[in-house]
Amino acid sequence: MNTKESAQTILIVEDERDVTDLLTLSLGKAGFKTVVANDGVIGWRKAQTAKPALIILDLMLPGMSGLECCKVLKSNSDTARIPVLMLTAKAQEADRVAGLEYGADDYVTKPFSPRELVLRIKAILRRTREEDTGEVMSAHNIRIDPAKHEVVAAGKRLHLTSIEFKLLRTLLQRRGRVQSRDRLLNDVWGYESMIDTRTVDTHVRRLREKLGTAGNNIETVRGFGYKFREE
Ligand code: CA
């Protein structure tokens, strides 16, 4: 077993005992440490103190809802880069879409297979790790340092969510080449996801806003996707 992976902590934010027991057991067998929070407010606190590698967030929670919790996690610079995997009921499609728009990284629908969930978590962590070991990139007054997870645009440090960071990095790496929404969904969110392509538009819009004038370098290719302008 990969020792680096075995040391990682997963924060489980869920109030249903059956589910937390199942997750604790399955993740423990897969070599992860787990921390459980039974409501959204405690989940938010533990996300800051336990420094988890990933957060499993149920959307149906007492106190602060899972959706609110996701919003808070993704808008705070201390926690924005921690990947969030949402647990949702089949009927919660609107909430699921909202969660993805707030910056959740993926979702699993209840009832789920613990084996599939563990595979999904490993895939997200692998992608995150690969992204953290890349070389420093810069173009158009934007500098990305993957090891530090740092983005500086026109001398100003930006606070990006995990998805915004991946999206910017992908677009910048492939600058001058048009990227379809499907391709971006596949490469940024991961092939396992079945996410609506509108989610791509929401994230590009937010990324442009955060980038300020440098955001003008992301061109919309109507009816197809996006392109980062060649220098
Ligand atoms: Ca619940």
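The centres of domain 1 and domain 2, taken over C-alpha atoms, are separated by 23 Å. Domain 1 covers residues 3-130 and domain 2 covers residues 134-228, with bounds that come from an automatic or database domain assignment. Across the two parts, 19 residues of domain 1 are in contact with 22 residues of domain 2, where contact means heavy atoms within 4.5 Å.

The model is predicted: local features need pLDDT of at least 70, side-chain atom pairs count only at pLDDT 80 or more, and totals for chains, interfaces and linings use all residues. Residues are numbered from 1 along each chain as its sequence is written, and side-chain values use heavy atoms, with hydrogens and water left out.

A calcium ion is coordinated by Glu14 (OE), Asp15 (OD), Glu16 (OE), Asp58 (OD) and Met60 (O), at 2.2 to 2.9 Å. Donors are N, O and S atoms within 2.8 Å of the metal (3.2 Å for Na, K and Ca), and sites may look incomplete because water is not among the atoms. Along the chain, the donors follow the spacing E-D-E-x41-D-x1-M.

The table lists the accessibility of several residues. Buried means under 20% relative accessible area, exposed over 50%, and partly exposed in between (1.4 Å probe, protein chains only).

| Residue | Class | Relative accessible area |
|---|---|---|
| Glu14 | buried | 0% |
| Asp15 | partly exposed | 35% |
| Thr170 | buried | 9% |
| Asn141 | exposed | 59% |
| Ala154 | exposed | 53% |

Thr170 lies in helix α7 (residues 162-173). Helices (H or I, at least four residues) and strands (E, at least two) are DSSP runs, numbered from the N terminus. Not counting residues up to four places away in sequence, Thr170 touches Leu184 and Val188.

Asn141 has a positive phi of about 70° although it is not a glycine; Asn141 is found in the loop between β6 (137-139) and β7 (142-145). For Ala154, also a residue other than glycine, phi is positive and near 50°. Ala154 is found in the loop between β8 (150-153) and β9 (156-158). The peptide bond from Lys110 to Pro111 is cis, with omega near -5°, and Pro111 is placed in the loop between β5 (106-110) and α6.
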